[in-house]
Amino acid sequence: MSSWLTNPYIETVANYSVVVLSLVVFLAVFEIVTKYKNWEEISKGNLSVAMATGGKIFGIANIFRYSIEHNDTIIDMMVWGAYGFLLMLIGYFIFEFLTPRFRIDEEIQKDNRAVGLISMIISIGLSFVIGSGIG
């Protein structure tokens, strides 16, 4: 069985499958913690929500990129990826907390593109910082 997982094609498919499933789960978590419905707003053409969601997708994928690169087993990759996601989620709450003059979620839902862009860049930036710390 272990020789099966050392095949680079099988390993790539396994990593890909785990990351896609993780993306679905983690985006569902973000859907729960935001006050708006991501895909409903995106279907209405809300560019701010699309940028914020795209930043989260990029961020999660980037965290897993580092996790795959630095871990030899799928279990380790999953644990570090989930840990990275948790840190990114905490970053989201810190961003919301540090802007007391307005509510991030409300501004993004109103299609405030400046807030959507900053949200996207924060997610992407944090993913590089989180990823660099993955062991």
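Predicted model: local features only at pLDDT ≥ 70, side-chain atom pairs only at ≥ 80, totals over all residues.
1. Numbering starts from 1 along each chain as its sequence is written, and side-chain values use heavy atoms, with hydrogens and water left out.

2. The protein has seven helices and zero strands (DSSP runs numbered from the N terminus: H or I of at least four residues for helices, E of at least two for strands). Its C-alpha atoms fill a box of roughly 55 × 30 × 20 Å along the principal axes.

3. Have a look at α4 (residues 47–70) and α5 (residues 74–97), which pack at about 145° with axes 9 Å apart. Here axes are lines fitted to C-alpha atoms over the stretch in contact, and angles run from 0 to 180 degrees between N-to-C directions. The contact (heavy atoms within 4.5 Å) includes Gly55, Gly59 and Ile63 of α4 and Trp80, Gly84 and Met88 of α5. Its residues divide into eleven nonpolar, five polar and two charged, with Gly counted as polar.

4. A cavity is a set of points on a 1 Å grid, over the protein atoms alone, where a 1.4 Å probe fits but cannot get out; lining residues have an atom within 4 Å of a point. Among the lining residues are Phe30, Lys56, Met88, Tyr92 and Leu126. The elements giving two or more residues to this lining are α5 and α7 (113–132).

5. Finally, the rings: there are eight aromatic pairs (Phe, Tyr or Trp ring centres within 6.5 Å, using the six-membered ring of Trp; planes under 30 degrees apart are stacked, over 60 edge-to-face, the rest tilted). Phe26 and Phe85 make a stacked pair, 4.0 Å centre to centre with 5° between the planes. That pair links distant parts of the chain, as Phe26 sits in α2 (residues 8–33) and Phe85 in α5, 59 residues apart.

Technical notes. 1 Å grid on protein atoms, 1.4 Å probe; cavity = no way out; pocket = protein on both sides within 12 Å on 5 of 7 lines; lining within 4 Å.
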